[in-house]
Protein chains: 2
Amino acid sequence: MDFKIRAAKQEDCKEISRMIIELAVFEKMQDQVKISTQELERDGFCSNPRFECQVAEVSEEHKSSQGYTVVGYTLYFYTYSTWMGPTVFMEDLYVMPEYRGKGIGKGLMSKVAQVGKEHQCSRLQLTVLDWNTRSLDFYIMKGARDMTASEGWHALRFDGEALDKLAAEAPKD
Amino acid sequence: MDFKIRAAKQEDCKEISRMIIELAVFEKMQDQVKISTQELERDGFCSNPRFECQVAEVSEEHKSSQGYTVVGYTLYFYTYSTWMGPTVFMEDLYVMPEYRGKGIGKGLMSKVAQVGKEHQCSRLQLTVLDWNTRSLDFYIMKGARDMTASEGWHALRFDGEALDKLAAEAPKD
């Protein structure tokens with residue numbers, strides 16, 4: 001089956017929003033999704049976008065059982081290593097279940113690697129849930145290293161009241 | 001001891017570069033530091049900076065045994081959650097050993113939280129090495145959650161030949 005990988009346009013945000021929820025359902029964390037299509041449109045397609053996005057599209061004849069032709073996406077942004085300089089972080093990579101095993105996920109990820117290298121990035125980073133062995137195996141097979149397993153890196157997060165409290169205690173200028 | 005937290009200026013990059021190496025030595029990974037003062041100047045202080053930085057400064061009378069007055073820094077950038085929207089990622093937080101235990105690290109981190117909230121960020125994220133229990137305890141005490149321990153998030157990385165190979169295999173436009 002042919003598919004096309006292309007940079008997302010603002011009018012794709014409704015489809016991206018749909019797939020963000022599908023991915024969160026798979027990750028069993030759909031209650032954490034608070035973002036709207038409008039916010040994606042605003043944050044990704046302004047003069048100083050906070051992320052970039054690529055989508056995978058199939059032809060009408062291969063549309064999904066529910067009628068969709070945009071069947072996968074990846075959302076990523078540029079980060080920075082104080083050891084290596086520019087890096088790219090792939091926040092999401094998703095392919096609808098009925099389109100898996102056809103190279104679409106690989107195609108999306110390769111596109112991020114290519115775009116990242118065009119932006120002088122020497123690393124592509126991502127996080128994955130340890131029980132999601134299908135994805136973990138996929139990334140490792142493609143050459144990723146598990147930095148949590150090998151070096152012991154843990155991801156920490158401040159949010160909600162903890163973040164509010166921290167911000168309120170900042171020294172005055 | 002009084003200290004001041006302020007946004008870094010381009011002329012601080014030499015000091016930041018020195019402290020990046022000090023931090024990497026502490027993390028036992030100094031061989032991974034490939035970045036130069038010039039690259040920091042270029043990447044952080046251009047029209048579209050790839051990161052922001054705050055430094056901690058003490059007065060001349062409290063300068064370090066080697067004569068430094070810039071004694072800590074934090075380097076951070078804006079990221080994006082497809083569930084929550086804008087987030088801020090604190091890549092580095094460092095205070096020189098002889099200045100620890102005086103609230104400087106807390107001051108720097110609080111400043112990032114404050115600036116992050118001004119940029120509509122609902123999360124402050126970071127990674128820490130699991131054997132660095134002093135830092136891990138510090139963050140947890142301030143209200144951070146360990147997402148690797150609680151939800152199983154692992155950090156993955158493509159670099160070197162694995163990244164080159166991935167990029168080379170990207171589908172043609």
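User: What do the numbering and the model rest on?
Analyst: Residues are numbered from 1 along each chain as written, and chains are lettered from A in the order written. In this predicted model local features need pLDDT of at least 70, and side-chain atom pairs count only at pLDDT 80 or more, while totals for chains, interfaces and linings use all residues.

User: Why is the relation of chain A to chain B called a two-fold axis?
Analyst: Chain A is laid on chain B by a turn of 180 degrees and a shift of 0.0 Å along the axis, with an RMSD of 0.0 Å (least squares on C-alpha atoms of residues with pLDDT of at least 70 in both). That is therefore the relation of a two-fold axis.

User: What makes the contact of α1(B) with α2(B)?
Analyst: B:Cys13, B:Lys14, B:Ile16, B:Ser17 and B:Ile20 of α1(B) meet B:Thr37, B:Leu40 and B:Glu41 of α2(B), contact being heavy atoms within 4.5 Å. By class they are four nonpolar, two polar and two charged (Ala, Val, Leu, Ile, Met, Phe, Trp, Tyr, Cys and Pro are nonpolar, Asp, Glu, Lys and Arg charged, the others, Gly among them, polar).

User: Which residues lie nearest the centre of the second largest pocket?
Analyst: They are A:Asn48, A:Pro49, A:Tyr78, B:Asn48 and B:Pro49, out of 22 lining residues. A pocket is an open set of points on a 1 Å grid over the protein atoms alone, where a 1.4 Å probe fits, with protein on both sides within 12 Å along at least five of seven lines; lining residues have an atom within 4 Å of a point. The lining has ten nonpolar, seven polar and five charged residues.

Note on methods:
Side-chain values use heavy atoms; hydrogens and water are left out. Helices (H or I, at least four residues) and strands (E, at least two) are DSSP runs, numbered from the N terminus.
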